[in-house]
Amino acid sequence: MIWSILKMALFVAIAAALAWGAAYVQDTPGVITFAFAGRERELTPLAFLIALLVLFVAFWLVIKLVGLVLSRYFDKSRERRGYAALSDGMIALAAGDGARATARAAKADRLLARPELTRILAAQAAELSGDTSGAQEHYKVLLADKSTRYLGIVGLMKARLAANDTKAALQLAERAFAL
């Protein structure tokens with residue numbers, strides 16, 4: 001409540017200061033003369049302030065536009081490098097190189113905003129490398145996403161079968177079948 005009153009009081013004070021400043025500038029006699037590109041221009045103080053405000057807004061818009069273009073360029077570049085790392089990881093996985101697949105999965109995870117893809121690659125790479133606990137952790141994370149839940153269940157089921165835990169594997173198979 002007090003914060004709202006303070007904000008309103010601040011707004012009224014700023015509005016009053018701006019009104020007083022505008023009236024002061026409007027009543028100021030004389031002109032502002034400046035030379036640019038070999039020509040002289042004369043403006044009233046109020047017209048000069050308006051021109052200054054327009055130039056500031058134009059400069060701000062140009063800066064925002066350049067920032068938008070650069071961020072889109074860097075985002076596309078980052079995405080391109082992420083998908084390249086993902087495909088390199090898949091190739092390494094197919095070739096049986098678990099360490100390289102794990103490294104590429106980690107790089108793709110840093111570069112892409114697609115954890116469902118990178119987690120699948122990371123889980124399979126950990127499985128190929130013999131890191132069963134790491135693979136199970138990745139499969140558990142896959143359970144949280146609806147689109148990868150089935151893959152997570154199947155991965156955990158395979159791990160349970162490898163550990164000769166048929167009861168847990170059967171329960172996971174029933175969940176996979178239900179999906």
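**Close-up views of the predicted model**

View 1. Lys 140 has a relative accessibility of 44% and counts as partly exposed; buried stands for a relative accessible area under 20%, exposed for over 50%, and partly exposed for values in between (1.4 Å probe, protein chains only). This is a predicted model, in which local features need pLDDT of at least 70 and side-chain atom pairs count only at pLDDT 80 or more, while totals for chains, interfaces and linings use all residues. Residues are numbered from 1 along each chain as its sequence is written, and side-chain values use heavy atoms, with hydrogens and water left out. Lys 140 is joined to Glu 137 by a salt bridge, with 4.0 Å between the closest N and O atoms; the term requires a side-chain nitrogen of Lys or Arg within 4 Å of a carboxyl oxygen of Asp or Glu. Glu 137 is also partly exposed, at 47% relative accessible area. Both residues belong to helix 5 (residues 132-142), where their spacing of 3 residues amounts to about one helical turn. An α-helix has 3.6 residues a turn, so residues three or four places apart point the same way.

**View 2. The buried residues of helix 5.** Gly 134, Ala 135, Gln 136, His 138, Tyr 139 and Leu 142 are the buried residues here. Their cover includes helix 4 (115-129) and helix 6 (149-162). Helices are DSSP runs of H or I with at least four residues, strands are runs of E with at least two, and both are numbered from the N terminus.

**View 3. The salt bridge between Arg 114 and Glu 116.** The closest N and O atoms of Arg 114 and Glu 116 are 2.6 Å apart. Arg 114 is partly exposed, with a relative accessibility of 35%.

**View 4. The salt bridge between Arg 160 and Asp 165.** The N to O distance for this pair is 3.5 Å. Arg 160 is partly exposed at 23% relative accessibility, and Asp 165 is partly exposed at 27%. The structure holds 3 salt bridges.

**View 5. Arg 41 in strand 2.** Strand 2 spans residues 39-43 and contains Arg 41, which is partly exposed at 44% relative accessibility. Apart from neighbours within four places in sequence, Arg 41 is in contact (heavy atoms within 4.5 Å) with Ile 32, Thr 33 and Phe 34. Arg 80 lies 39 residues away from Arg 41 in sequence, and their C-alpha atoms are separated by 51 Å.

**View 6. The protein chain as context for the close-ups.** The protein chain contains 7 helices and 2 strands, arranged along the sequence as α-β-β-α-α-α-α-α-α. Its radius of gyration is 32 Å, well over the 16 Å given by the globule rule for 179 residues, so the chain is more spread out than a compact globule. The radius is taken over C-alpha atoms, and the rule is 2.2 Å times the number of residues to the power 0.38. Along the principal axes, the C-alpha atoms fill a box of roughly 95 × 50 × 25 Å. Of the 179 residues, 22% count as buried. Among contacts with a separation of 6 or more, 36% are between residues 24 or more positions apart. The chain exposes about 13,200 Å², of which carbon and sulfur atoms supply 67%.

Terms used. Accessible areas come from the Shrake-Rupley method with a 1.4 Å probe; for residues, only the protein chains shown count as cover.
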